[in-house]
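Here is a short tour of a protein structure, written for someone meeting it for the first time. Have a look, then read on.

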Amino acid sequence: MAWKPDPIVNVILCFRDDDGAESEHRLKLPLSALPAAEAFVLDYASLIAAVSDCALYRMRTTLVCKDDGSQVAAVGSNAKRQSVLLFETESPGQIYVIAVPGLIVSRLMQIGPYAQVQLDPSDSAISALVTLLVNGSAGARPVAPWNATDGGDSAFDWAGVPLLRLQTAYWGYEPPEWQ
Amino acid sequence: MAVKYHFPPAYTPNGDHALLCVPVTFIPFFRRFFEGMEHESRWATRDDWYQAYQVFAEMEACMMSGCVDRIVEMQERTYRLLDAALNGTAYTVDSPATPTTLAVVSPDIPAAPGLPNGITAGLRKQLLDAQGIMPSGWPFGMGDKLATTADMVKALKAASPSEITRAKETITGLTELAQGATILGTIGQFLEDGAGVTAEGGLLLTTLVATAGQIAAAAKQETMMWRLIDTLDGGGLWAPSTNVIAELVKANETLVAKLDRLITSLDGGATPAPSGNILSDLDAINTKLV
């Protein structure tokens, strides 16, 4: 398996009209411009109003990495069969869920009351995944997308809460509406 | 446009909950529901989503942290605890629990509880039996009804003034009696008088009267002992120099002194006999006669 970053970064700008209809507009930036992408988008947004009567309500930057084609799905694999990992966060009482597509059935507990449903936390592959999600790697550490105290309605205040430990993990099916 | 939900304003974390039993093998399908409800786009505001996410994620975690089999097993353990404590039933683990099976314990929990060997009634009946009903008229107010701890304490504690007065009179009477049989009879009469009447402090007063009886009897014994002593020492105050033993010692000393004087008169009181004593004089006479 070899991963390569796409040399092009997508900047997606989301517009909404007065009927609630939405549309997206994409800009392309070179990967080398990624550190400056945020500043460019802010400049760009300030000029949009002069050429569009819709509301520019969201912008997102997408970094794409691609497999070189060596990854092959296993026979019988199912993308809708998820490994559902429920994490306690560093904020007591908050739980954050991460679902990984394509659960491998052999990672499930073979004995106990949740046999064939619960993921085996002692499985080396599971524990390695959990360790990475909790501790992070190369300075990046996953978070639950809110803050440590409560919600509030301003997403700008939500700096994120790091994951603390795995609470439980089990087999779940992805709902069809998100497929 | 998809319907947006609002977080229920009446929600309280410790409010009422409904219990739903989910077959373990069906848990993976419930994920479809949970993931849908945890998606931000389902909620009207970001705060609605945040609050709802916590509730649904907690329910999702709860779904993986409980098992009906385990709950039932805990109930059975509670039954065995009560059965062992109340009935003395001994349970044995025939096969310990494993990650895949529950423990096998014998005997089986019966469909209807029974009573252990030798017990013919339940705990309530046994408690009533322990109290017991004594005959009517039994002292200290405990007769003809279930005797309580309060009754016993009442019988033990300080008596009413009238009961104390009667006890004092009895004790005074005891000290004036001369015969042991009469003392016992007086105590018996006190108990008979108290039957069905004396409640408060009854046991205490009975103990006091019995003790007074012992003291009275001891006083009579002391009187008899003094009479015996009087016959030995003349009735004087006890004194080591005037008692019988002392007089015997004194007579012995006098006898020894007299014997010493007799021996001295015979041999001069020394060995060999000095000249000038009776034996030496007799020896001189014998020499002259010869």
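In chain A, 57% of the contacts between residues at least 6 apart in sequence join residues at least 24 apart; two residues are in contact if their C-beta atoms, placed from the backbone, lie within 7 Å. Keep in mind that this is a predicted model, where local features need pLDDT of at least 70, side-chain atom pairs count only at pLDDT 80 or more, and totals for chains, interfaces and linings use all residues. Residues are numbered from 1 along each chain as its sequence is written, while chains are lettered from A and ligands numbered from 1 in the order in which they are written.

Chain A has 2 helices and 9 strands, and from the N terminus they run β-β-β-α-β-β-β-β-α-β-β. Helices (H or I, at least four residues) and strands (E, at least two) are DSSP runs, numbered from the N terminus. Of the 179 residues in chain A, 17% are buried, that is, with 20 or more other C-beta atoms within 10 Å of their own.

Now for the partner: 29 residues of chain A are in contact with 29 residues of chain B.

β9(A) gives the most, with 6 residues.

Finally, zoom in on S127(A), which sits in helix α2 (residues 124-135). Beyond its neighbours within four places in sequence, S127(A) touches P121(A) and S122(A). Its C-alpha atom is 9.1 Å from that of L166(A), 39 residues away along the chain.

Technical notes
A residue is buried if 20 or more other C-beta atoms lie within 10 Å of its own, exposed if 12 or fewer, and partly exposed in between; C-beta atoms are placed from the backbone.
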